[in-house]
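User: I've got this one open in the viewer and I'd like to go through it piece by piece. Give me the numbers along with the cut-offs, please.

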Amino acid sequence: HGVASTLSQVALFSPGWGSGRSIQVAGVEATWIINGVGRLSCLIPAGTLVAPRDLKGMWMFWEHPTAGVWAGTVEDVPDDFTGATLEIGCASMADQLRIRRGPRIESPSRAQAGGLAQIALRTAQQPGRLWIDKFVFEGAGPDLQIEWRGDFLLNVFGTLQQASGQEWRVTTDDTRVTTLEWRRRVGRDLRSSVVIADGYDLAGGRRESSLATVANDILAVAGAEQWQRRQAAVVEDRDSIRLHGRRQGPVTPFAGAVLGASLRRAGLNLLATQSVPAEPT
């Protein structure tokens, strides 16, 4: 989900939550993402800092009155020599998984998705600390098999999430403790049934629906090195085909040795999001 705020206060820290400083900002727009990296952008008065470019790499902490804490790293700071404000862009703490390589192990591993995620974190190729304080893994679901090729942890998590149909998220609380959770999927997709009241939930806007990204026939292949050795599974959504006609998507490889029933399950999980017209959520 995402929120926007006009005037607000954020805190900037050196990595590791050291040397904090609060500053007034404007135009905060933030997103909290499950199975991915959230973003935050805001406007900072240009005269607030002597050397604005030194902001890159600092940690951002912002607390919305209803949505809660957003925490992450300042990533984008433009060079603007004339403007009165600077717009900075930040990536959430889940971005720690994007900049760390996972293990490179010759033999594949078989375990539940949460167990494989733990192996990836425990054996990741990282000379420094991964800035996540707590880990919560829920053991559930069938065993999967994956090859360890030194992919980024974010890519490994994406493969496991698609193959298992489960979910993960990284959150930070008001004491600045960051937690990574791996769990069974919570709730159902209610995009077609939730009623949003005009004037209460929405002040206005425009809703669009497009077939441009719809795929209801997917060829899922295992991520083997040689094409000839890949196992494959074709999955299709018959209801979507009846409504929109057959729309085949590109060949979709799943990194690691995702074989047999696991490969088909991964294709079905992907199909659930791609077989319906894209709409704002």
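This is a predicted model: local features need pLDDT of at least 70, side-chain atom pairs count only at pLDDT 80 or more; totals for chains, interfaces and linings use all residues.

User: Which residue sits 46 places from Phe-137 in sequence yet 6.3 Å away, C-alpha to C-alpha?

Analyst: Beyond four places in sequence, Phe-137 touches Gly-114, Ala-117, Gln-118, Leu-121, Leu-180 and Trp-182 (contact means heavy atoms within 4.5 Å). The residue with that 46-place gap and 6.3 Å C-alpha separation is Arg-183.

User: By how many degrees are neighbouring strands of the open sheet turned against each other on average?

Analyst: The open sheet has three strands in the order β8-β11-β10, with mixed pairing (two strands pair if DSSP finds at least two bridges between them). β8 (134–137) and β10 (167–172) are the edges with a single partner strand each, so one side of each has no neighbour in the sheet. Direction ignored, neighbouring strands here are turned on average by 15 degrees.

User: In β11, what is the bridge partner of Val-136?

Analyst: β8 and β11 (residues 178–183) run parallel and are joined by four bridges. Within that pairing, Val-136 has as its partner in β11 Glu-181.

User: At what angle to β11 does helix α2 run?

Analyst: Two helices lie across strands of this sheet. Helix α1 (residues 113–122) lies across β8 and β11, at about 155 degrees to β8 (axes are lines fitted to C-alpha atoms, for helices over the stretch in contact, and angles run from 0 to 180 degrees between N-to-C directions). Helix α2 (residues 153–164) lies across β10 and β11, and its angle to β11 is about 30 degrees.

User: Which residue's side chain makes a polar contact with that of Thr-178?

Analyst: Thr-178 is in strand β11 and is buried because its relative accessibility is 1%. Past four places in sequence, its contacts include Met-93, Trp-131, Asp-133 and Val-170. A polar contact is a pair of N or O atoms within 3.5 Å; within protein, one must be able to donate a hydrogen and the other to accept it, and residues adjacent in sequence count only if both atoms are side-chain atoms. At 2.9 Å, the side-chain partner of Thr-178 is Thr-172.

User: Over to the barrel: what is the average twist from one strand to the next?

Analyst: Six strands close up in the order β1-β2-β3-β6-β5-β4, with antiparallel pairing. From one strand to the next, the twist averages 40 degrees.

User: How many residues apart in sequence are the parts tied together by Trp-59 and Trp-131?

Analyst: There are eight aromatic pairs in the structure (Phe, Tyr and Trp rings, the six-membered one for Trp, pair if their centres lie within 6.5 Å; planes under 30 degrees apart are stacked, over 60 edge-to-face, the rest tilted). Trp-59 and Trp-131 have ring centres 5.3 Å apart and planes at 85 degrees, so this pair is edge-to-face. Trp-59 is in strand β4 (residues 59–64) and Trp-131 in the loop between α1 and β8, so the sequence distance between the parts they tie together is 72 residues.

User: In the largest nonpolar core, which three residues touch the most other members?

Analyst: A nonpolar core is a set of buried Ala, Val, Leu, Ile, Met, Phe, Trp, Tyr and Cys residues joined through side-chain atoms within 4.5 Å. Phe-157 is buried, and its contacts beyond four places in sequence include Leu-97, Trp-168 and Leu-180. Of the 32 residues in this core, those touching the most other members are Leu-97, Phe-157 and Leu-160.

Notes
Residues are numbered from 1 along each chain as its sequence is written. Side-chain values use heavy atoms; hydrogens and water are left out. Buried means under 20% relative accessible area, exposed over 50%, partly exposed in between (1.4 Å probe, protein chains only).
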